[in-house]
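Thank you all for coming; I would like to walk you through a structure that may be new to you. Please have a look at it first, and then we will go through it piece by piece.

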Amino acid sequence: MKIMSKLILLLLLITIIPIGLFGYSAIDDIKDMQNSAINNVNSMKETAIKDSTLALNSLGEQAIQQIAIDIAKQIEIYLNANPEMTVEDLQKDEYFRSIAVQQVGKTGYTAVTETTTVINRFHASEGVINLDLHNLAEKLPGFWAIMKKTENGNSANGYYDWEEADGTFRQKYMYISIVNAKTKNDIVFSVAATTYIDEFNSPAQITSEKLENSAESVSANIEEISKKISRNTMILILIMIVVSLVTAIMFAHTLVTPLQKLRIAAIKVADGQLDVEIPEIKTKDEIKDISDAVILLIGALKFLKKEKAGETKEEPKQEIKEEVKEEIKEETKQE
């Protein structure tokens, strides 16, 4: 391998490899930053949706609970005012029925059940009136798990899945409040207020869709910016590589060209052409020293040639001899 090739290779190794490693690391960091930003956006979106849904659910639960408590209080007042009325009498009383069964939200309602037997006595659906709710334990286990807690006269609340007419299930929330009064035949009622919870958290679902669209838009922008930065980084790296390559070639050329000229001159001298013109070296480095040494060598050869031809008896100039000696001494010391 020639010196020029070695120099170019060396310069490329000490420039292109670090640049390449830097570029790879930079692009990898950009991708990590992109993924981290997108993950943070998605995390913020999910947290916002979760928090807003929980907040709205909590408000819905409180509203449903308050309705159950209020109606239980109304029934208590009515029973205290009419202690002679039995369950059968109350079922025939239109005013009491209007108290017992009221609307909750858009589609919900209240219902009144005996706490000891867990038989429903007042309901929005005629088919459920006088139904023993034990019969729903297998079909609606979540609903029954809440109702069962009232058998001992305790309030209860919770979520359950309610089967729709088409066979699908929707989640409901129910709060059951105990009436602090009895009928003539010592029946204690519980008031259950229930409705679909999505009536309350539907704004969160709308917000969720908006946040989803916003998150997708932000993620797309982050990805686009990341691609742009990566593209610009690659362009910059390629420019740096090209500049390094050109610089390496030019630098190697400035070193090798004078040496090539000196080589040609040395070949001509070896061929007997002592009048060869030595290229002028303007630098003050080792190449300049080699050029000076070649000039001294040519001078010495010319002198020897003339001496051999009998044209002169003069000795080479002392200063030249001393200079050559000094050069040899310096080289020897360095070695």
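Which residues of α6 are buried? They are Ile-287, Ser-291, Val-294, Ile-298 and Phe-303, where buried means under 20% relative accessible area, exposed means over 50%, and partly exposed lies in between, with a 1.4 Å probe and protein chains only.

Before I go on, this is a predicted model, in which local features need pLDDT of at least 70 and side-chain atom pairs count only at pLDDT 80 or more, while totals for chains, interfaces and linings use all residues. Residues are numbered from 1 along each chain as its sequence is written, and side-chain values use heavy atoms, with hydrogens and water left out.

Helices (H or I, at least four residues) and strands (E, at least two) are DSSP runs, numbered from the N terminus. Helix α6 covers residues 286-308, and its 23 residues should span 33 Å at 1.5 Å a residue, which agrees with end C-alpha atoms that are 33 Å apart; the expected span is 1.5 Å times one less than the number of residues.

Let me turn to the interior. A nonpolar core here is a set of buried Ala, Val, Leu, Ile, Met, Phe, Trp, Tyr and Cys residues joined through side-chain atoms within 4.5 Å. The largest one has 18 residues, of which Ile-75, Leu-79, Leu-90, Phe-96, Val-179 and Phe-189 touch the most other members. At least two residues each come from α1 (3-81), α2 (87-92), α3 (94-100), β5 (169-182) and β6 (188-196), and α1 gives the largest share, 5 residues. Another core, of 13 residues, lies apart from it and includes Val-118, Leu-140, Phe-143 and Tyr-160.

Next, the aromatic rings. Rings of Phe, Tyr and Trp (its six-membered ring) pair if their centres lie within 6.5 Å, and planes under 30 degrees apart count as stacked, over 60 as edge-to-face and the rest as tilted. By this rule there are 9 aromatic pairs. Phe-96 and Phe-122 have ring centres 5.1 Å apart and planes at 65 degrees, so this pair is edge-to-face, and it links helix α3 to strand β3 (residues 120-122), 26 residues apart. Phe-96 counts as buried at 0% relative accessibility, and Phe-122 is buried as well, with a relative accessible area of 3%. Phe-96 and Phe-189 have ring centres 6.5 Å apart and planes at 40 degrees, so that pair is tilted. Tyr-78, Tyr-95, Phe-96, Phe-122 and Phe-189 form one aromatic cluster.
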